[in-house]
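Keep the viewer open as you read.

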Amino acid sequence: MYTQLITFIIYLMVILALVLFSNYRTKDLSDYMLGGRNLGGAIAALGAGASDMSSWLILALPGAVIVNGLNELWLPVGLSIGQFLNWQLISKRLRIYTEVANDSITIPAYLENRFNDKTKILRLVTAIVIVIFFTFYTASGLVSGGLLFSSAFHISYTTALIISSVIVVSYTCIGGFLAVSWIDFFQGCLMFFALLIIPAVTLHALHGLDNTMDIIRNYTTPGYLDAFSGISTIGILSLLSWGLGYFGQPHILVRFMAMRTHREAPKAQFICMSWMNLSLYGAVFTGLFGMAFFAKSPLKDPETNFIHLSTLLFNPWISGALLAAVLSATMSTSSSQLLASSSAIAEDFYRRFFRPKASAKELIIIARLGMLFIAVIAFAMALNTNNSILHLVSHAWAGLGGAFGPVILISLFWKRMNLQGSIAGIITGTVVIFIWSYFKHLGGIFSLYELIPAFLFNCITIFVVSSLTKQPDESVLKDFEQTQLLLKSDKT
């Protein structure tokens, strides 16, 4: 345990060095929120991947495979398709459009400028929804950190949760976006290494693939290894639909906005998709082989599978590095979400409604205070041990994807979309998420993942309301056409 602790300390010292360097480079709110729009392709790629996957990739997905078998494969399939389409359809257009639209540095600012909203209603609604669902998302990351420290160092869950929260909040507060981006690159590499080595070593410990498959067949119900067994059509659609969520995740979209230029997108897409697919299926095999490894004495909490394999199969130094990958996954996503939430509080609440002439230093202070406020609420939610990582992530992912996905996607492609349509769409998507979740216990059609109806009703609302109200003013149409021209000039 002491060797693992030393490894953690070394890891945290590297993180601290990156944080201090980033803090030195942070001069204003644009630096703090977007890194000065100066990310290279590789940093943007692994940043998008690491902030997307989070600890659910290392803990929750293998745990779900242990419980449900290979019918969980539909989830990584849906995510792979969704991420690919996100890079193809969104990345270049959003990078260009956010700069054309008055150099917007947050998603609420982009939407306000995209539709030339003088009422401030759209920005307010967007910021509120971001803060609500990111609080759920941040709580899932803190739960992961709590599970990690309590399992690895045999301390109480509450103490572990406090340690995890202090680490995540501290480095995000001090370093800002640049720190988060560089650390996500480092952490993405560590997560990638962990998800390749764990299943390989577990398979070796089980004496090969044939013996592993025999163990699984002997200790599971028929159909455990069949992706179509034990799952309904609604279940398959629900898992595949996770891919729809990508279009509305501010902590991922902001990586596109922060790229040095939209021409970095193809390289970043290749790196991100390669990293993501290998990591996703590494996580699936970690769960599958973990089920065989612990077949005779099943784990009390399947979501701790990765942690137990790390401590049992490796020497303490390597085990410490692998456990640091869990902390990496937790930190990469929680920090991105805290940063996006704090930007909504500072830029979209404080400056927009209270202090339009606030200095850069003042705004950074407000952003940090807002981050602390959200972290406290997320901490309180994480104290409830009945909240699993996957449950919290599922609700937050659906909320953001259902509220913002159609709005972001359609705003980049349909010139006729207007302010009224965007506001109505966000409200509709958010309301459907909560209503559908409330009736989920009834089963039937309500067992469908709430992201699907929220996304569908959001799209319908946007088209209907935009068509029935007046078209956008001339300045909005001009920005849209300028974005299209920049995209076309890049292709010729």
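A contact here means heavy atoms within 4.5 Å. By that criterion, residues 24 or more positions apart account for 84% of the contacts in the protein chain with a separation of 6 or more. Before going further, please note that this is a predicted model, in which local features need pLDDT of at least 70, side-chain atom pairs count only at pLDDT 80 or more, and totals for chains, interfaces and linings use all residues. Residues are numbered from 1 along each chain as its sequence is written, and side-chain values use heavy atoms, with hydrogens and water left out.

The protein chain has 18 helices and zero strands; these are DSSP runs numbered from the N terminus, with helices being H or I of at least four residues and strands E of at least two. Of its 492 residues, 60% are buried, where buried means under 20% relative accessible area, exposed over 50%, and partly exposed in between (1.4 Å probe, protein chains only). The chain exposes about 18800 Å², and carbon and sulfur atoms supply 68% of that area. Accessible areas come from the Shrake-Rupley method with a 1.4 Å probe, and for residues only the protein chains shown count as cover.

Now find helix H6, residues 121-153, which holds Ala 127. Ala 127 counts as buried because its relative accessibility is 0%. Leaving aside neighbours within four places in sequence, Ala 127 is in contact with Pro 108, Ala 344, Asp 348 and Phe 349. Ser 342 lies 215 residues away from Ala 127 in sequence, yet their C-alpha atoms are 9.8 Å apart in space.

Leu 124, Ile 128, Ile 132, Phe 353, Phe 354 and Phe 434 make a nonpolar patch of about 510 Å². Patches are made of residues with over 30% relative accessible area and no salt bridge; like charges are joined within 9 Å, and nonpolar side chains (Val, Leu, Ile, Met, Phe, Trp, Tyr) within 5 Å. A salt bridge is a side-chain nitrogen of Lys or Arg within 4 Å of a carboxyl oxygen of Asp or Glu. H6 gives the largest share of the patch, three residues, while H6 and helix H13 (316-354) each supply at least two. Phe 434 sits in helix H16, residues 419-438, and is partly exposed because its relative accessible area is 36%.
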